[in-house]
Amino acid sequence: MKKLVIGALSAAVLATSAFAYEYITIGTGGVTGVYYPTGGAICRIMNKMKKQTGIKCTVESTGGSVYNINAIKKGELDFGIAQSDVVYQAYNGEGKFKGKPFKGLRVVMSIHPELLTLVVRKDSGIKNFFDLKGHRINIGNPGSGNEAAVKTLFDYCKKMNLNDIKVEQLKAAECPNALKDKKIDGYFYMVGHPTANIKDAANSVAIDLISLDNVPAAQKLVAEKPYYAWGVIPAGMYKGVNHPTKTYGVKAILVTSNKMDEKTVYYLTKAILDNFDKFKKMHPAYKNLTKKDLLKGFDHNMMHPGAVKAFKEAGLL
């Protein structure tokens, strides 16, 4: 976090009316996913209130959940958006963070639901999860929550493992073109819906979405893991996909560290709560959100004191 002096162009005005703004950065994900516009929505609301709070907010496109948490731990990011499963694993030293728990990780709020979505070319011959054998499938770029979620699914799968497919590890933003150019046959994407990413894919090549509710590994995961839940992508949301797609997912969680100033986290949380109706209109993925939803998908013991204060003032805790 940096302090920069911002003033007017005139030296005389600068001398009398300079502002010392606190700059915060939110790590997100690929620009065609939902994390990036979510970070942008938070920053737009924050920046409209900068004169009252003294805080300016910027967004950074990153490699996703795991990257964001590691960058927060190193002090390279102030805030980040991450999947609820990755947040749980990071705090408890599991998965990608095995043996290295990040007990300084703190939750600000939960945001939109995300569903593990399997997008395939319609001409690929893939009709169900087990048809993936022998196909070129993107599981997510290294260090992403996407990759972590897909690897966990395959770890639980007894009939098939990652060696049975031709694994690709592109960033989510690269997948629609890779699908169109036949460089991959399909890709997994943990994302809120609707997303520009899958719309781009559907508008350039005939696609299908594959349900995962009939996969035993997915059923076991949802039964065992507190941060997973079933969900449905409605029919007609994407061009050519005229059936509902049943799958499971997580929540997108805004996180920071215990080193972040309490007042900063309080102002950010209060800004979203006070402008909640405006926030909901900033992306279709937030359409059905309620204020109570902002407290779901994580252990409340992990909440940052600044967030706790804002939620208590709003009568939600």
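The torsion about the S-S bond of Cys43 and Cys57 is about -50°, so the disulfide is left-handed. The sulfur atoms of Cys43 and Cys57 lie 2.0 Å apart, a disulfide being a pair of cysteine sulfur atoms within 2.5 Å. By this rule the count is 1 disulfide. The pair links distant parts of the chain, with Cys43 in helix 2 (residues 35-48) and Cys57 in strand 3 (residues 55-60), 14 residues apart. Helices (H or I, at least four residues) and strands (E, at least two) are DSSP runs, numbered from the N terminus.

The model is predicted: local features need pLDDT of at least 70, side-chain atom pairs count only at pLDDT 80 or more, and totals for chains, interfaces and linings use all residues. Residues are numbered from 1 along each chain as its sequence is written, and side-chain values use heavy atoms, without hydrogens and water.

Cys43 and Cys57 are both buried, where buried means under 20% relative accessible area, exposed over 50% and partly exposed in between (1.4 Å probe, protein chains only). Two further cysteines are listed below.

| Residue | Relative accessible area | State |
|---|---|---|
| Cys157 | 11% | buried |
| Cys175 | 1% | buried |

In helix 12 (residues 305-313), the buried residues are Gly306, Ala307, Ala310 and Phe311. Viewed down the axis of helix 12, these residues fall within an arc of 130°, so they line one face of the helix; the arc is that of the directions from the helix axis to the C-beta atoms. The buried residues of helix 12 pack against strand 5 (105-121) and helix 10 (262-274), contact meaning heavy atoms within 4.5 Å.
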